[in-house]
Amino acid sequence: MATISASGVSLSWLSQLPSSSSSSSSSSSSWPSHRRGATQIKMTVSVEKKKFTTQKSEEIFNAAKELMPGGVNSPVRAFKSVGGQPIIIDSVKGSRMWDVDGNEYIDYVGSWGPAIIGHADDEVIAALTETMKKGTSFGAPCLLENVLAEMVIAAVPSIEMVRFVNSGTEACMGVLRLARAFTGRQKIIKFEGCYHGHADPFLVKAGSGVATLGLPDSPGVPKAATSDTLTSPYNDIETVKELFAANKGEIAAVILEAVVGNSGYIEPKPEFLNALRQITKENDALLIFDEVMTGFRLSYGGAQEYFGITPDLTTLGKIIGGGLPVGAYGGRREIMEMVAPAGPMYQAGTLSGNPLAMTAGIHTLKRLQEPGTYEYLDKITGELTQGILEAGKRAGHEMCGGYIRGMFGFFFAGGPVYSFEDAKKSDTAKFAKFHRGMLEEGVYLAPSQFEAGFTGLAHTSEDIQQTIAAAEKVLRQI
């Protein structure tokens, strides 16, 4: 292969990149093996550990910085908050990732949530291959939309009708417009550190990359776009009551992550969600659960099924697309019938409901319906979280954390962490050292203290024990 140059950076290593087949060929003979609804992968352990190097990743990333802002298409990927060279991924399979330098990792990011049954699942790939033979996008209705819609409606307590879109951001944009259209009110309440995508009204005290990079409310957002956005600390019901009292008859909705994943992992206090449900009903406002992360992860019916609280509207994403771009919002029929063309609230999308995303979503949800799925997730995630926290304690670090089913997180802080203000007390410099050390030990964690982690059905007990052993080693070094 000839040498390729991008923006003056020589990419002569391209001819040496491992192909997807070669990076996972050592494991192909053991695929698939089903256990508790999981596709398992057995890894061949090398006697001599490969030296960790990121030379090729560095070359690619340096070229990328000349082509894309910050070298990435989503800010957290740039490793700004943890330092060190970002790694460039070449291929994924099951619970594993391989970068362009040939380093192998146990992955706890899972493409930021969608890979709950494992990366590049054989059944999903086979179904997508068949669907692609018919075309990748129709721009017209297809039967697969009905199938996935029926599955979502059957699973999620609050959803009687659903509209598919292409991202979590788009879902939250649509649900906000719908809440305002249905109630005839303008104001919303969101919580500090909760992230609902990058639409203007939500970029007020937001989480995710905004928190990771320590950015102020984003430049370019007009004051008028956020003037009707009211904020409260998470888990603080008294502030919510005060906001309703000060804005009587003006608040359309309260929107929140039922379990926060975008300020790190933060659980609701026992009474918090119940109190929100009560106060919104008392004030004729809508309660919206942003379940882009938690949907089909905390339970098959999401956080609302897990906690037994039914909101009026729900946003979804990630898992329902099985790794392809997708989003959705849904809720009570009387509210959803406001959406065009059934009603006057306009929202549309060229690729919404495309056959590929629908196919991947259908086959992912089918796998999650298998018996023992969430019990298995609970078991391995509990072992992982407790193992890391206990290793930290033995090494003399102040740490706290928690988990529910396939979602977890920890902070380098004494805790407890009930809000973004609590989360910000974490030792982010120590987390950065921990993150880099774990990378070098073959474990890929989210490159930010302010992001949750994810487990999936492809993670094995061996993966968990290997991760805990790596954490024990790194925590004693930092």
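## Ground rules

In this predicted model, local features need pLDDT of at least 70 and side-chain atom pairs count only at pLDDT 80 or more, while totals for chains, interfaces and linings use all residues. Residues are numbered from 1 along each chain as its sequence is written, and side-chain values use heavy atoms, with hydrogens and water left out.

## Cis peptide bonds

Let's start with the prolines. The peptide bond from Ala340 to Pro341 is cis, its omega being near 5°. Pro341 sits in the loop that runs between helix H11 (333–336) and helix H12 (355–368). Helices here are DSSP runs of H or I with at least four residues, strands are runs of E with at least two, and both are numbered from the N terminus.

Gly415 and Pro416 are also joined by a cis peptide bond, with omega at about 0°. For Pro416, the setting is the loop between strand S16 (407–411) and helix H14 (420–423).

## Positive phi angles

Next come residues other than glycine with positive phi. Ser111 has phi near 60° and belongs to the loop between strand S7 (104–107) and helix H3 (122–132). Its relative accessibility is 44%, so Ser111 counts as partly exposed; that class lies between buried (under 20% relative accessible area) and exposed (over 50%), using a 1.4 Å probe and protein chains only.

Phe296 has a positive phi near 65°. You will find Phe296 in the loop between strand S12 (286–290) and helix H10 (302–307). With a relative accessible area of 0%, Phe296 is buried.
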